Amino acid sequence: SGSLAALLEGPQCRRGFLLEGFPSNVVQAQRVEETLAKHSVPLEHAVFLDAPEDVLMERCRGRLLHEASGRLYHDAFRPPVEEGIDDFTGDKLVRPEVDQEQLTRNLVQHRENAELLQQFYSEAGPGHGVARKVADGSISEVTRAI
């Protein structure tokens, strides 16, 4: 959370901030809480997004990558203008392999950690709004749900 402390002191966080995918476990959450307390910055909300395994797998299968830049596309949610071609360079996009078994193992671990994190933030007391949202729709549908 040393880098979080540096970010909190910068101008980019004056009006608030969003941590995506972090903290991912209770030890990290405790460190975040300590860092926020030192900077007198209250955590207002913790939002947990969840989706069924089949939806997550389909999201993974639809990914396209421009290897040189790391730019990401998706067949359904963010397709390139020309199929299989990077919008900026004209380079061919690649489809990363998806390992179903590894994804399932990661998902089990993530859900265990998420349950403990939800419990941690629920017990943290007033001022911590905790919400769990099913994120099985489009980006705009999930955004509206939040």
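Leaving aside neighbours within four places in sequence, L117 is in contact (heavy atoms within 4.5 Å) with P23, S24, N25, V26, A29 and F48. The structure is a predicted model, in which local features need pLDDT of at least 70 and side-chain atom pairs count only at pLDDT 80 or more, while totals for chains, interfaces and linings use all residues. Residues are numbered from 1 along each chain as its sequence is written, and side-chain values use heavy atoms, with hydrogens and water left out.

L117 also belongs to the largest nonpolar core, whose 11 residues are L4, L8, A29, V32, L36, L43, A46, F48, L117, F120 and Y121. Such a core is a set of buried Ala, Val, Leu, Ile, Met, Phe, Trp, Tyr and Cys residues joined through side-chain atoms within 4.5 Å. Buried denotes under 20% relative accessible area, exposed over 50%, and partly exposed in between (1.4 Å probe, protein chains only). At least two residues of this core come from each of α1 (2–9), α2 (26–38), β1 (45–50) and α4 (100–123). These elements are DSSP runs numbered from the N terminus: helices are H or I, at least four residues, and strands are E, at least two.

In α4, the buried residues are L103, L107, A114, L117, Q118, F120 and Y121. They pack against α2, β1, α3 (53–61) and β4 (129–134). The expected span of a helix is 1.5 Å times one less than its number of residues; for the 24 residues of α4 this gives 34 Å, in agreement with the 34 Å between its end C-alpha atoms.

Aromatic rings of Phe, Tyr and Trp (its six-membered ring) pair if their centres lie within 6.5 Å; planes under 30 degrees apart count as stacked, over 60 as edge-to-face and the rest as tilted. One aromatic pair is found by this rule. The ring centres of F120 and Y121 are 5.1 Å apart and the planes lie at 75 degrees, so the pair is edge-to-face. Y121 is buried, with a relative accessible area of 4%.

Strands pair if DSSP finds at least two bridges between them; β2 (residues 63–66) and β3 (residues 71–74) do so in the antiparallel sense over four bridges. The two strands form a hairpin with four residues between them, and G70 in the turn has a positive phi of about 85 degrees. L65 stands opposite L72, and L64 has Y73 as its bridge partner.
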